Amino acid sequence: MAFLNEKQLELMGFKYLGNNVRISEKASIYSPEQIEIGDHSRIDDFCVISGKVIIGRNVHIAVFCNVAGGEKGATLEDFSGLAYGCHVFTQSDDYGGRTLTNPTVPDKYKREIKKEIVIGRHSIAEQTL
C-alpha cells in the first residue's frame with residue numbers, strides 16, 4: 001500500500017493534521033478543511049472520508065470504508081477503528097414513503113435525518129453479514 005507523503009498531506013489543507021498520519025494514495029478525501037486527524041492514525045485504500053470528521057490518535061480505518069460526517073459530524077475517538085467495508089453516515093433520507101429521496105431532489109421535497117455519530121475510545125466498528 002502506497003501512502004501520501006508529508007508534503008502531499010500538508011497541501012490538502014486539513015483543519016488539523018497530527019504527526020505520523022498515513023493516508024493511502026488510493027483514498028478519497030473531500031472537504032479536508034472540515035477534517036481533523038490525530039497523531040499516528042491511518043486511512044487505507046479505497047476509503048472515502050467527507051464532511052465534518054474528527055479522527056483521534058492511533059485510529060485505523062481499514063480498506064473500503066466510508067465516513068460521511070455531513071453537517072453534524074462523525075468522531076472516531078483515540079484507539080478506535082473501522083474494520084473492512086464499514087460505512088458511517090451522519091445523515092440519511094427518510095425512506096418512510098412520505099417524502100422524495102436522493103441527492104438530486106431539492107431539499108424542500110425531502111426530509112433528511114441528521115445525527116452526530118461517535119465511535120468511542122478503544123472500540124471497533126465492523127460490518128456484519
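Which backbone atom lies 2.7 Å from a polar atom of the side chain of aspartate 39? In this predicted model, local features require pLDDT of at least 70 and side-chain atom pairs count only at pLDDT 80 or more, whereas totals for chains, interfaces and linings use all residues. Residues are numbered from 1 along each chain as its sequence is written, and side-chain values use heavy atoms, with hydrogens and water left out.

The atom in question is the backbone nitrogen of asparagine 19. Aspartate 39 is placed in the loop between strands E4 (35-37) and E5 (42-43); strands are DSSP runs of at least two residues (E) and helices of at least four (H or I), numbered from the N terminus. Beyond neighbours within four places in sequence, the contacts of aspartate 39 are Tyr16, Gly18, Asn19, Gly56, Arg57 and Asn58, contact meaning heavy atoms within 4.5 Å. The C-alpha atoms of aspartate 39 and alanine 125 are 20 Å apart, with a sequence separation of 86 residues.

Five strands form an open sheet with parallel pairing, in the order E2-E5-E8-E11-E16; two strands pair if DSSP finds at least two bridges between them. Strands E2 (22-23) and E16 (124-125) are at the edges with a single partner strand each, so one side of each has no neighbour in the sheet. Two bridges join E11 (residues 81-82) to E16 in the parallel sense, and leucine 82 has alanine 125 of E16 as its bridge partner.

Note on methods:
Polar contact = N/O pair within 3.5 Å; in protein donor to acceptor, adjacent residues only side chain to side chain.
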